[in-house]
Amino acid sequence: MGLDDLRTLARGAAAHSRARYSSEPRGSIALLSDGAWVPGIRLESASLSLVVPASTAAIAAAVAAGRRDIVAVALSDAARPEDIAFLAEVPTGPLRSVHSSIFARDDVLPVVGPMLPLATPVPTGFTPAHGVALAAATARRSLVPYSSFPVGCVLQTSSGNLIAGTNVEHRDWTRTICAERSALVAALSLGLSDITAVFVACLEDPDASPCGACRQLLAEWAPEATVWMHRGAGSPDAHSTAQLLPSCFSGRTLRRPKH
Ligand code: THU
């Protein structure tokens, strides 16, 4: 497997990047030890610092899929500072820079295989109770060495897909990604944006609800969704994204950049 092939896959992922403000769409892939790979995109936010780097998105998607055996990360373009900082201490284990846009664990990389399937079809008779139960099961895949606070999230789309996310913590706490944003960026990386429901489970806190950063990203990228919270043995709680973040700054009226 050549480095060029990895970059080609990362460039393919960049096609789904949501980079409205910078006009610099970026993608990445995380290559797994058996050659399977997962995509990630740069997801921008009207709330500036909440931008999700493409490298973070790919690592989080792999972890949420139950895979931590990441042997390389390829970026569509030369690594940006946020990618370099994230990849300097990748939560899944060290990678070193082997090219301006490739970070790898070993000298020899596996032969590239298929993309790992990240979306599953919504089963017949699927209810919010099933959704939060699935989110609770997904939380068990979280990578939470610093908080021991596992969170799982599952998104449902009107096109009939379920996409999972978990929190993935970074030694630089500001680079940690929550379960909700992990699921959101995974769905968008697949080109799935028609999100109708968000199911969240915080295993350690039956009263928890999404953090401010996730509320902002959900308001921007899943404005029509209902957010269902796992409440243990009780029935799940439902809120609209507008209820979770009233009068939010959507960025919709910003002009496109002139450059
Ligand atoms: N966390 C989430 O995954 N979602 C939230 O909405 C709240 C917080 C994660 C982030 C971090 O890994 C841990 O929970 C503690 O903040």
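**Close-up views of the ligand site and its cysteines**

View 1. An N or O atom in the side chain of E169 is 2.5 Å from an oxygen atom of the ligand. This model is predicted: local features need pLDDT of at least 70, side-chain atom pairs pLDDT 80 or more, while totals for chains, interfaces and linings use all residues. Residues are numbered from 1 along each chain as its sequence is written, and side-chain values use heavy atoms, without hydrogens or water.

**View 2. N167 and E180 also reach ligand oxygen.** In N167, a polar side-chain atom lies 2.9 Å from an oxygen atom of the ligand. For E180, the distance from a polar side-chain atom to a ligand oxygen is 2.7 Å. On its own the ligand has 370 Å² of accessible area, and the protein covers 84% of it (Shrake-Rupley method, 1.4 Å probe).

View 3. How many disulfides does the whole structure have? The search finds zero (sulfur atoms within 2.5 Å would count). C211 is partly exposed, at 31% relative accessible area (buried is under 20%, exposed over 50%, partly exposed in between; 1.4 Å probe, protein chains only).

**View 4. C214 and C178.** Is C214 buried or exposed? C214 is buried, because its relative accessibility is 1%. The cysteine sulfur closest to that of C214 is in C178. The gap is 3.8 Å, so it is too far for a bond.

Note on methods:
A polar contact is a pair of N or O atoms within 3.5 Å; within protein, one must be able to donate a hydrogen and the other to accept it, and residues adjacent in sequence count only if both atoms are side-chain atoms.
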